[in-house]
Amino acid sequence: MWEELRPLGRDSSSGGYRRFAWTGADGDCRAWFRAQAEARGLAYELDRNGNQWAWLGATTYRDVAPGEAVVTGSHLDSVPDGGAFDGPLGVVSSFAALDELRRRGAEFGRPLAVVNFGDEEGARFGLACVGSRLAAGALTPEAAHRLRDGDGVTLPQAMERAGYDPEAIGPDPERLAAIGAFVELHVEQGRALDLSGDPVGIASAIWPHGRWRFDFRGEANHAGTTRLEDRRDPMLSYAATVLAAREQARLAGALATFGKISVEPNGVNAIPSLVRGWLDARAAGQDSLDTVITGIEQAAAERAARDGVELSVVRESFTPVVEFQHALRDELGAILGKERERPVPVLGTGAGHDAGILSGTVPTAMLFVRNPTGVSHSPAEAATEDDCVAGVTALADVLEGLACR
């Protein structure tokens, strides 16, 4: 499975992946998912928001009593030049865990589904977890229809070009009501497991996190003739804000990153008229995150005033702290701890996931597989084959405990 999926959407120059929502690469990944489902005799289903489902013991969620289904899976899309493991490891491991349970001769007492949630990374339209947000009602169809990519293509236009109906999107409460437990396996995006020496861990919580857009508007002018004293240069304001973000995050023990920028008119010999930067900020607690954002906005406003630049700040997305259901988390710990001399490590994460979006309406849990580099969202993202197998075994054990007689 891994070798079949590996070349899809891979950029030969960077070695990273460009599997953006509703593009050809995304379509290739979706075709791969459907082929894997059908090869196992699973009932394939596409929901109203473009999320893919593969059912065992049911043909659709309508065949499932409320709270009966056990679901596992993740996503197949990527960030720009992302790594091979973020998302796909969870989907591949879900199919592999099902294969392992069949090899064991497990008897399923509850319906089981593998899911591929669409547009988890938000790389194209700027909003993460679009598929799961729509299903959970955390994103309205009206707001989704307003999403645009960097080329001005709207989400509805992109969906139509890919052969999907954008008018069908919206909340899916009956489907989510059928789910009694959702377990997402994911490569760790950090080095906690590498430092502890454990191949697999259990998630405790997801930090609150969000994305903010900072617009600095100045005055375009000639780079070779305009005196420094006469300039209203928004790039200076933006640069000072980047440094302020780093300092505010350091002081609060949080994380703040300006990773995307747009400049107009974007000429080498022109002073910009507009610099637009996107901030990603995360912290262990809400108070800490609020302190960081307030500090960054204040520093940006002070520098913009000094430079004669106008500033506006828009919060484009936000996810509050997610505490995974303690009962399900403890059940995973009990299942995985049976053959171990010490408990499976439980760790928090600053990365967002579909499991976090669903946690408000569905009992959710997460498993992490060790990442020896600690690097993610990069081609350097890694996991050893032995650790991937350990993750599949752990997921199979969990699914057997939750869904089998």
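**Backbone, burial and cores**

Analyst: Cys129 lies in the loop between strand 4 (112-117) and helix 4 (130-136); helices (H or I, at least four residues) and strands (E, at least two) are DSSP runs, numbered from the N terminus. The model is predicted, so local features need pLDDT of at least 70 and side-chain atom pairs pLDDT 80 or more, while totals for chains, interfaces and linings use all residues. Residues are numbered from 1 along each chain as its sequence is written, and side-chain values use heavy atoms, without hydrogens or water.

User: What is the phi of Cys129?

Analyst: Cys129 is not a glycine, yet its phi is positive, at about 60°. Cys129 is also buried, at 3% relative accessibility, where buried means under 20% relative accessible area, exposed over 50%, and partly exposed in between (1.4 Å probe, protein chains only).

User: Is Asn266 buried or exposed?

Analyst: Asn266 counts as exposed because its relative accessibility is 61%. Asn266 too has a positive phi without being a glycine, in this case of about 70°. The loop between strand 9 and strand 10 holds Asn266. Pro265 has its place in the loop between strand 9 (255-264) and strand 10 (270-271), and the peptide bond from Glu264 to Pro265 is cis, with omega near 0°.

User: How many helices and strands are there in the protein chain?

Analyst: The protein chain has 13 helices and 15 strands. Its radius of gyration, taken over C-alpha atoms, is 22 Å, close to the 22 Å of the globule rule for 405 residues, so the chain is as compact as a globular protein of that length; the rule is 2.2 Å times the number of residues to the power 0.38. Along the principal axes, the C-alpha atoms fill a box of roughly 80 × 50 × 40 Å. Of the 405 residues, 52% count as buried.

User: Which residues touch the most other members of the largest nonpolar core?

Analyst: In soluble globular proteins, nonpolar side chains tend to be buried together. A nonpolar core is a set of buried Ala, Val, Leu, Ile, Met, Phe, Trp, Tyr and Cys residues joined through side-chain atoms within 4.5 Å. The largest one has 50 residues, of which Trp32, Phe33, Phe95, Leu332, Leu336 and Leu367 touch the most other members. Helix 13 (residues 385-403) gives the most to this core, with 9 residues. Apart from it lies another core, of 26 residues, among them Ala58, Val322, Phe324 and Ala355.

User: With which residues is Leu367 in contact?

Analyst: Contact means heavy atoms within 4.5 Å. Leaving aside neighbours within four places in sequence, the partners of Leu367 include Val183, Leu185, Ile202, Leu332, Leu336, Ala394 and Val398. In the protein chain, residues 24 or more positions apart account for 76% of the contacts with a separation of 6 or more.

User: Where is His353 found?

Analyst: His353 is in the loop between strand 14 (346-349) and helix 12 (354-358). With a relative accessible area of 2%, His353 is buried. Beyond four places in sequence, His353 is in contact with Glu120, Cys129, Glu184, His186, Gln189, Ile206, Met366 and Phe368. This list returns us to Cys129, the buried residue with the positive phi.

User: How far apart in space are Gly24 and Ala162?

Analyst: Gly24 and Ala162 are 8.0 Å apart, C-alpha to C-alpha, although 138 residues separate them in sequence. Gly24 belongs to helix 2 (residues 24-39) and counts as exposed, at 52% relative accessibility.
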